[in-house]
Amino acid sequence: MVEQTQMESEGRGPDAGNVLRLREDEGTAEPAVTVEAFAGQTNASAVRIEPGEDARELIPHIGRIARVEVNFPAFGDGRGYSAARILREAGYDGEMRAVGDVLVDQIAYMRRCGFDAFEPDAPFNPGDAEAALNRWNDVYQKTVDGRTPIWALRHGRKDGAVDG
Amino acid sequence: MKILTGNDLKTGDVVWWDGADWVRDVNASVDVGDRADEIAAREEAARRVNVPYAIDAERTDDGIRPAHIKDRVRALGPTVRMDLTRRPDDANAADWVV
Amino acid sequence: MYKYDTYDQQMVDTRVAEFRDQTRRRLSGELSEDQFKPLRLMNGLYLQLHAYMLRVAVPYGTLNGEQMRMLARIADKYDRGYGHFTTRQNIQYNWIKLEDAPDILADLATVEMHAIQTSGNCIRNISSDHFAGAAADEVTDPRPYAELLRQWSSFHPEFSYLPRKFKIAVIASDTDRAAMRLHDIGIQIVTNDAGELGCAFYIGGGMGRTPMVAPLIRDFVPLDEMVTYCEAALRVYNRHGRRDNKYKARIKILVHEMGKDEYARQVEEEFAHLKGEGIEPPLAELDRIREYFADPAFKSDLPDDIDRSDPDFALWADRNTVAHKAPGYVAAVISLKPVGGIPGDASTAQMQVMADLATRYSFDECRVTHTQNIVLPHVEKGQLYELFKELDAAGLATPNLDQIGDIIACPGLDYCSLANARSIPLAQKIATRFAENGKGDTLGELKLKISGCINACGHHHAGHIGILGVDRKGTENYQLLLGGSEAADTSLAKITGPGFDEDGIVDAIETTTDVYLAQREDGERFLDTYRRIGMTPFKEALYG
């Protein structure tokens with residue numbers, strides 16, 4: 001399901017840490033600017049959302065964004081999950097990167113919220129990341145990752161049975 | 001005196017620092033003086049203890065008595081199930097807690 | 001009762017494997033305690049005062065015999081021969097080893113049970129009416145809705161790192177037996193003027209440090225939009241709930257500070273948006289779940305009377321059984337509050353007995369109540385005496401439902417690392433005092449609830465009489481509260497005045513009930529008298 005899993009050292013300039021990208025494209029190396037600056041800098045294509053900032057402010061500019069970074073200063077602050085999902089719901093299809101205190105045990109849920117790149121402060125063990133991304137065969141909720149939720153599998157069967 | 005306590009990582013048992021090891025009996029605790037942070041950090045890093053912390057205690061005729069009731073309950077066990085405490089045969093053991 | 005299909009089973013099995021891997025990484029040092037803590041909490045594993053504690057989910061409080069037998073086996077195999085039923089209809093074990101925890105979860109999964117999201121800053125186990133499916137006054141069985149929400153909330157990717165824990169209750173009758181308005185979200189299934197079922201959403205209730213009764217946020221959400229509305233309500237909370245202060249992080253503070261109208265407006269906006277996202281399971285899914293909660297095969301033409309010739313039985317039947325929707329049946333409540341015992345505790349042997357009795361007398365079903373008792377929901381009146389004799393032999397026939405001896409008590413400082421004072425010894429002393437002086441039998445319905453700290457797991461704010469344990473300069477001290485209710489007439493109890501020591505609070509309870517006995521008018525419960533005469537006469541007697 002995530003055959004494209006790979007560890008890369010790419011991204012925000014020479015100091016960039018390990019980045020796990022699940023995208024086929026090259027991405028942009030342009031540094032991200034703040035949400036506040038982004039609206040004014042019409043040539044900017046990468047933006048970083050901090051917790052508490054309103055992801056919806058970016059919706060008018062989605063067409064020119066190549067990378068959204070969602071910062072997680074602390075892994076327990078879950079606002080970034082909503083930020084990512086809101087942008088995906090609005091149709092954003094560029095890179096969505098979780099940055100900061102991102103733990104390997106969180107990336108499966110992050111992926112479900114639309115993240116497709118991870119730049120953790122402490123690098124993941126590649127085996128753990130692979131395991132985390134491939135662990136769940138099915139999901140209970142419909143989100144923005146295109147996966148068919150269990151309730152749809154139950155009722156979409158060709159034989160019409162509603163009992164799994 | 002300052003003593004160190006925590007829980008065993010694998011079993012969760014309440015443990016006390018006796019100067020060389022983590023043991024179940026509060027009375028084996030040693031005064032760690034101003035070395036609490038150093039010992040706690042070293043022992044936690046080695047996973048010989050989980051979530052260690054230093055507490056005040058005093059040495060009494062009955063043994064070592066933690067200053068706070070919470071740590072006295074930890075040292076003894078649940079006062080409502082004396083059979084599961086460290087002093088199951090002592091009918092008055094619960095009085096030590098208060 | 002709901003049965004897992006292969007999907008449900010696979011989800012739970014996968015979670016066991018995930019937690020086994022996480023535990024391995026903790027024991028090998030790859031995960032620090034700070035990193036592991038939220039992971040273990042989301043699997044119900046706490047580090048408590050004496051050991052690890054595991055809280056196992058009992059979804060909407062419903063269990064079958066096999067599941068109760070498994071709970072007994074876990075108590076026996078991995079713990080010290082007992083478990084503690086909690087005020088959120090779950091069970092917790094006090095002496096768990098971390099290295100055993102994955103095996104316990106694996107054992108639970110074999111009987112369609114788990115400990116998923118019984119702690120942590122996520123959506124917790126959904127609670128419900130413990131008489132669901134038996135109560136005569138329900139518009140429908142609320143449990144299918146709770147089960148739909150269980151699946152929706154399990155492993156929810158957006159709402160697993162909320163500002164704080166999140167508790168949902170679902171009921172379907174005007175009589176609230178689940179303290180619905182004291183939850184983060186309380187859902188009441190109602191019928192509208194057109195006779196259609198839908199959900200009334202009460203959002204922003206809770207106990208704890210700042211108790212609040214949830215306001216009505218939306219009076220009717222169609223059934224086929226329930227999940228979407230929950231998603232909208234949670235998203236507004238996840239984005240805007242306070243994260244700067246954990247004591248102000250519950251949704252009740254957000255709703256209060258933002259104002260319920262503004263909160264409702266933002267939820268409506270998010271709801272309108274999310275309706276376009278196709279996230280709602282079809283009604284066919286609700287129908288599928290509902291089939292599992294169809295009535296058992298109740299017999300017709302059963303005798304409707306009870307032989308009351310044994311006075312002990314008659315007393316128990318009067319106090320511990322509740323009217324049933326099917327003629328010839330009652331719901332029987334097994335008290336886990338023996339005089340002088342530990343409220344909510346059950347031994348391995350008692351759990352085995354309750355499992356067997358559920359199988360033999362109640363269509364293999366039992367319930368955990370938020371008052372820490374066990375219900376056999378569907379008992380034939382004609383078999384009630386036999387059931388009573390078996391319960392009595394196991395020490396499970398204390399006739400004190402909703403009496404002063406039926407005390408809710410959190411584990412308190414005997415077990416809990418958050419507690420400031422012990423709760424259980426007080427419950428024991430109070431129950432013993434009122435049994436020995438005979439006054440307990442004269443008081444009628446009186447709900448006494450004890451918490452060992454401000455977190456209010458013992459629901460003290462909602463007690464007709466509440467007790468809150470506090471730390472006063474290193475000694476245990478107890479505040480007395482009067483006038484709370486968690487029923488449909490939800491109210492929050494008020495503090496009488498200065499606190500008492502352990503013996504003093506037991507005396508104070510007796511003084512308080514003496515005022516009631518002297519002042520009550522015909523048919524008044526303690527709560528009714530308190531509401532009529534107010535706090536002053538009680539204060540005068542206590543402090544005067």
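C:His459 sits in the loop that joins E17 and E18 of chain C. This is a predicted model, so please keep that in mind throughout. The phi of C:His459 is near 55°, which is a positive value in a residue other than glycine. Most residues other than glycine have a negative phi. Is C:His459 buried or exposed? It has 25 C-beta neighbours inside 10 Å, and therefore C:His459 counts as buried.

C:Ala456 lies between strand E17, residues 448-451, and strand E18, residues 465-472, of chain C. Its phi is positive too, about 70°, although C:Ala456 is not a glycine. C:Ala456 has 22 C-beta neighbours inside 10 Å, so this residue also counts as buried. The cut-off for buried is 20 or more.

Now the helices of chain C. Two packed helices are described by the angle between their axes and the distance between the axes. For H1(C) and helix H4 of chain C, residues 101-109, the angle is about 175° and the axes are 9 Å apart. Angles over 145 degrees count as roughly antiparallel, and H1(C) and H4(C) are therefore roughly antiparallel to each other. Which residues meet here? From H1(C) they are C:Val12, C:Asp13, C:Val16, C:Phe19, C:Arg20 and C:Thr23. From H4(C) they are C:Ala101, C:Pro102, C:Leu105, C:Ala106 and C:Ala109. Sorted by class, this contact has eight nonpolar residues, one polar and two charged.

Next is H2(C). Its buried residues are C:Phe36, C:Leu39 and C:Arg40. Around the helix axis they cover an arc of only 95°, so they are on the same side of H2(C). The cover over these buried residues includes H1 of chain C and strand E1, residues 45-47, of chain C.

Which residues of H9(C) are buried? They are C:Glu285, C:Arg288 and C:Ile289. Seen down the axis, the buried residues of H9(C) fall within an arc of 90°, so they line one face of the helix. C:Ala284, C:Asp287 and C:Glu291 are exposed, on the other side of H9(C). What do the buried residues of H9(C) pack against? They pack against H5 of chain C, together with helix H5 of chain A, residues 150-155. That brings us to the contacts between chains.

Two pairs of chains touch, and the pair with the most contacts is A and C. Chain C puts 35 residues into that contact and chain A puts in 30 residues. On the side of chain C, five helices each supply at least two residues: H1 (6-27), H2 (33-41), H5 (143-153), H6 (226-240) and H9 (283-292). H1(C) gives the most, with eight residues. By class, the side of chain C that touches chain A has 13 nonpolar, 12 polar and 10 charged residues.

The contact between chains B and C takes 20 residues from chain B and 22 residues from chain C. Within chain B, strand E4 (50-60) and helix H2 (69-76) are the elements that give two or more residues to this side. The largest share, four residues, comes from H2(B). The side of chain B that touches chain C divides into eight nonpolar, seven polar and five charged residues.

How far apart are the nearest C-alpha atoms of chain A and chain B? They are 17 Å apart, and chain A and chain B do not touch.

Last, chain B taken alone. Chain B has two helices and five strands. Their order from the N terminus is β-β-β-α-β-β-α. The C-alpha trace of chain B spans about 40 × 30 × 20 Å along its principal axes. For 98 residues, a compact globule would have a radius of gyration near 13 Å, and chain B, with 13 Å, agrees with that. Of the 98 residues in chain B, 34% are buried. Among contacts in chain B with a separation of 6 or more, 44% are between residues 24 or more positions apart.

That is the end of the walk-through. I will take questions now.

Note on methods: Residues are numbered from 1 along each chain as its sequence is written. Chains are lettered from A and ligands numbered from 1 in the order in which they are written. This is a predicted model: local features need pLDDT of at least 70, side-chain atom pairs count only at pLDDT 80 or more; totals for chains, interfaces and linings use all residues. Two residues are in contact if their C-beta atoms, placed from the backbone, lie within 7 Å. Ala, Val, Leu, Ile, Met, Phe, Trp, Tyr, Cys and Pro count as nonpolar, Asp, Glu, Lys and Arg as charged, and the others, Gly among them, as polar. Axes are lines fitted to C-alpha atoms, for helices over the stretch in contact, and angles run from 0 to 180 degrees between N-to-C directions. Angles under 35 degrees count as roughly parallel, over 145 as roughly antiparallel, 65 to 115 as roughly perpendicular and the rest as oblique. The radius of gyration is taken over C-alpha atoms; the globule rule is 2.2 Å times the number of residues to the power 0.38. A residue is buried if 20 or more other C-beta atoms lie within 10 Å of its own, exposed if 12 or fewer, and partly exposed in between; C-beta atoms are placed from the backbone. The arc is that of the directions from the helix axis to the C-beta atoms.
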